[in-house]
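Morning, everyone. Please bring the chain up on your screens. I'll talk you through it piece by piece.

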Amino acid sequence: MDVRFQIILTITCLASFSLTPTHQQQAAPANNKCMEDVLAVLWDCVKVANLTTGNFAWFVTNGTSPKSEAPANMDTFKTQICGVQQQIAACVMQKLIPILNTTTCIGTSTTTSQVQVVQTQLTSLFGTYDLKCMHPCRATLIPDLKECYSANGLDPKLFATNTSNGAVIGSTLEQVNKFCGNKDKVMTCLKAKADACPESPQILRAISFDITAFTKYVGILCSDEKSYLTGLQCFAETTPEVDICQQKQSQAVMQLEMQANQGKWSEDRFYTSLCEITYAQITCDIAAWSKKNHEACIPAVIGLRQKLECELSAPQCKSNTKLAEDPSNPCAGKGTHAALEGTNSARSATLVNGVLLHTFLIAAIALLY
């Protein structure tokens with residue numbers, strides 16, 4: 001689920017915890033200081049967004065809260081409250097985490113902790129706010145994008161799913177030729193459908209799909225169809241060494257996110273560290289695949305895997321002069337396999353990992369700055 005949607009769900013559930021009629025609530029201790037502090041944050045963020053607490057309560061509880069005050073003009077109010085949805089979400093997220101980490105909420109034992117009470121409400125109550133503000137295209141965008149494939153005689157299962165088993169442009173030479181022959185039409189259609197949906201950035205981020213990155217990705221695959229098909233065999237199964245590389249990257253990114261958030265890092269500092277992690281992962285990944293004992297794992301295939309991973313790295317990594325001049329940089333053109341011709345296997349995990357890293361950057365920067 002997209003971070004924005006998770007935050008809105010949190011807000012709605014917290015509001016419902018206190019705003020819904022008493023018989024619908026889970027029992028909570030009287031004079032619950034933790035919930036008082038949580039609600040104080042919510043109301044403060046609501047007021048900063050120029051909304052009244054009564055109108056907000058009416059919207060997120062469908063008018064069932066005793067504190068509800070119906071707005072004078074419901075259509076105008078919906079436009080107003082949905083317009084500040086992300087603002088309120090960011091405000092609450094920033095101020096809520098420190099409160100939930102206090103002894104007031106954590107308590108002195110599991111029996112006195114209020115965190116579980118809040119978590120229970122968060123997982124059991126419905127995200128009314130988000131659902132009432134959602135654009136209709138949220139339910140239709142993915143089918144519309146798959147239609148771009150069907151309309152051009154291609155299998156819609158190839159779109160951003162694991163059902164293709166890595167064969168994102170086909171598994172036979174005939175299928176690949178057909179996909180590559182229609183790729184420009186498909187990409188144009190994908191972009192048009194996404195541009196027509198206001199929520200497409202959040203929806204595509206949630207499924208780790210970036211049309212710009214995917215266009216580059218497909219272009220590289222179609223430039224060497226033979227190596228692509230050979231690569232499907234090489235990358236069909238990972239190795240322990242490959243898995244270790246991925247685990248190291250995931251841990252490093254999580255640690256970086258925490259450090260950047262706590263230290264209020266600048267954007268440049270954040271990207272420099274993230275790019276170092278990215279290049280370390282590429283170096284590790286390429287070395288691991290090179291050691292795999294399989295007849296399909298030839299230098300041309302490994303080389304184009306490296307080309308793909310470098311191409312999908314964030315633009316900030318490519319424009320960093322210091323990193324570009326680093327002799328250990330696998331994307332500087334002098335890496336072990338960088339000069340080799342060939343292509344990546346195009347297995348789904350490669351696409352997901354590359355695009356997920358790109359979308360993580362967007363989400364992280366949006367939250368941190």
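Start with cysteine 245 and cysteine 284: they form a disulfide, with their sulfur atoms 1.9 Å apart. A disulfide here is a pair of cysteine sulfur atoms within 2.5 Å. The model is predicted, so local features need pLDDT of at least 70 and side-chain atom pairs count only at pLDDT 80 or more, while totals for chains, interfaces and linings use all residues. Residues are numbered from 1 along each chain as its sequence is written, and side-chain values use heavy atoms, with hydrogens and water left out.

Back to the pair. Cysteine 245 lies in helix H14 and cysteine 284 in helix H15, so the pair ties together parts that are 39 residues apart in sequence. When I say helix, I mean a DSSP run of H or I with at least four residues; strands are runs of E with at least two, and both are numbered from the N terminus.

Is cysteine 245 buried or exposed? Cysteine 245 is buried, at a relative accessible area of 3%. Cysteine 284 is partly exposed, at 24%. The cut-offs: buried means under 20% relative accessible area, exposed means over 50%, and partly exposed is in between, using a 1.4 Å probe and protein chains only.

Now the two helices themselves. In general, two packed helices are described by the angle between their axes and the distance between the axes. H14 covers residues 240-263 and H15 covers residues 267-290; they pack at an angle of about 175 degrees, with axes 9 Å apart. The axes are lines fitted to C-alpha atoms, for helices over the stretch in contact, and angles run from 0 to 180 degrees between N-to-C directions. H14 and H15 are therefore roughly antiparallel to each other. On this scale, angles under 35 degrees count as roughly parallel, over 145 as roughly antiparallel, 65 to 115 as roughly perpendicular, and the rest as oblique.

Who makes the contact? From H14, the residues include Cys245, Val253, Leu256 and Ala260; from H15, they include Phe270, Leu274, Cys284 and Trp289. Contact means heavy atoms within 4.5 Å. The residues of this contact divide into twelve nonpolar, four polar and two charged. Nonpolar means Ala, Val, Leu, Ile, Met, Phe, Trp, Tyr, Cys and Pro; charged means Asp, Glu, Lys and Arg; the others, Gly among them, are polar.

Look at alanine 260 in H14. Alanine 260 is buried, with a relative accessible area of 1%.

Cysteine 234 lies in helix H13 (residues 225-234) and cysteine 297 in the loop between H15 and helix H16 (299-311), so the pair ties together parts that are 63 residues apart in sequence. Both cysteine 234 and cysteine 297 are buried.

Another disulfide joins cysteine 310 to cysteine 331, S to S 1.9 Å. This link is left-handed, with -85 degrees about the S-S bond. Cysteine 310 sits in helix H16, and cysteine 331 in the loop between helix H18 (321-324) and helix H19 (348-368); the pair links distant parts of the chain, 21 residues apart. Cysteine 310 counts as buried at 12% relative accessibility. Cysteine 331 counts as partly exposed at 24%.

Two quick stops elsewhere. Valine 60 lies in helix H3 (residues 53-60). At 1% relative accessibility, valine 60 counts as buried. Serine 200 is in helix H11 (residues 200-206). Serine 200 is buried too, with a relative accessible area of 8%. Leaving out residues up to four places away in sequence, serine 200 touches Leu141, Ala194 and Arg205.

Last, the whole chain. What is its secondary structure? There are 19 helices and zero strands. Buried residues make up 46% of the 369 residues. Among contacts between residues at least 6 apart in sequence, 77% join residues at least 24 apart.
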